[in-house]
Amino acid sequence: MRSLHRIRNYVRAMGRARRHRGDLVGHFVRRPLLAGATVGMESALLLSNRMDPKLKELAELKTAGLVSCEFCLDIGSALASGAGIGEQQVRDLPRYRDSTVYTEVEKLVIAYAEAMTLTPAVADDLADLRRRLSEHFSPAQIVELAMTIAWENQRARLNQSLGVRPTGMSDGLACALPERSS
C-alpha cells in the first residue's frame, strides 16, 4: 500500500510541473543506457518501503537543501507535502536540532542525512548515528535509508552540474530552501 501511495504522490508532483519540464529528460535522451539505469534505481527506491516514506522524504529534503539543488528542493517539497510533512517541518529543516516540530527519531534521520551529505562524511559520526538508528530501525531499514540519502546526493549533484532548473512542482506549498553547511 505504501508503494501505491508513493507512486500516486510522485505522479501528482510531476503533474504540477509547469516550466523547464524538459531539462533533465533533455540530458538523458543523449544517454539512454544511463537513463535506463536511473529509472531502475528510482523505481527500486520508490518500491522499497520498509522505512516510513515520511522519514525518507525528510532525509531527501535535508540532503537537497545541503547540496542546494533547486530542482530537488522543488520536487522534494511537493513530495514532502504529499507524504504528510507539515509546512513548519519544511521550514525548520535548517534548524532541526532546536525545533519542536520533529520527533527524536525524525531528528536522528535528518542528522544521518546531514552527516552523509557533508564533505567529508566523518566515519566516527556516521558510526554513532548508525548505532543510534539501530535502536529504532532494522538493518534493512537502515540500508534503505542510507541508499535513499546516497541516491539523493547523486541526484542533486547531477542536477546541479547539468543546470536542471525547478519546474514549479512546489508552487503554492512551503518549499525548503538551500542551506549553507557549517
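1. Let me start with confidence. Among the elements of the protein, helix α2 (residues 23-28) has the lowest mean pLDDT, at 84, while helix α7 (residues 104-117) has the highest, at 97. This is a predicted model, and the protein as a whole averages a pLDDT of 92. Of its residues, 99% score at least 70.

2. On annotation, the UniProt record, an unreviewed entry, lists residues 33-114 as "domain: Carboxymuconolactone decarboxylase-like". In the model, that span is 72% helix and 0% strand. Its end C-alpha atoms lie 31 Å apart.

3. Now to the charged side chains. The model holds 17 salt bridges. One of these pairs Lys 62 with Glu 179, with 2.7 Å between the closest N and O atoms. Lys 62 sits in helix α4 (residues 53-67) and Glu 179 in the segment after α9 (139-162), so this contact ties together parts that are 117 residues apart in sequence. Both Lys 62 and Glu 179 are buried, so each has under 20% relative accessible area.

4. Arg 91 pairs with Glu 87, and their closest N and O atoms are 3.3 Å apart. These two belong to helix α6 (residues 87-91) and are 4 residues apart, so about one helical turn separates them. Arg 91 is partly exposed, at 44% relative accessibility, and Glu 87 is partly exposed too, at 47%.

5. The second pair is Arg 131 and Asp 128, whose side chains meet in a salt bridge with an N to O distance of 2.9 Å. Here the residues are 3 apart in helix α8 (residues 123-133), again about one helical turn. Arg 131 has a relative accessible area of 44% and counts as partly exposed. Asp 128 is also partly exposed, at 34%.

6. Salt bridges also form a network here. Which residues are linked in it? They are Glu 42, Glu 60, Glu 152 and Arg 155.

7. Helix α9 deserves a point of its own. It has 24 residues and reaches 34 Å from its first C-alpha to its last, close to the 34 Å expected at 1.5 Å a residue. After α9 comes Gly 163, with a positive phi near 75°. Met 147 is found in α9 and is partly exposed, with 36% relative accessibility. Between Met 147 and Arg 91 there are 24 Å in space, C-alpha to C-alpha, and the two are 56 residues apart in sequence.

8. Met 1 lies in the segment before α1. Is Met 1 buried or exposed? With a relative accessible area of 79%, Met 1 is exposed; the cut-off for that word is over 50%.

9. Some backbone geometry is worth a look. In general, most residues other than glycine have a negative phi, and most peptide bonds are trans. The bond joining Thr 119 and Pro 120 is a cis peptide bond, with omega at about 0°. Pro 120 is found in the loop between α7 and α8.

10. His 20 has a phi of about 55° and lies in the loop between α1 and α2. At 30% relative accessibility, His 20 is partly exposed. Ser 68 has a phi of about 65° and is found in the loop between α4 and α5 (70-82). Ser 68 is partly exposed as well, with a relative accessible area of 24%.

Conventions. Residues numbered from 1 in each chain as written. Predicted model: local features only at pLDDT ≥ 70, side-chain atom pairs only at ≥ 80, totals over all residues. Heavy atoms only, no water. Salt bridge = Lys/Arg side-chain N within 4 Å of Asp/Glu carboxyl O. Buried < 20%, exposed > 50% of the residue type's maximum accessible area, 1.4 Å probe, protein only. pLDDT = per-residue confidence, 0-100. UniProt positions renumbered as here; feature names shortened; annotations may be inferred. Expected span 1.5 Å × (residues − 1).
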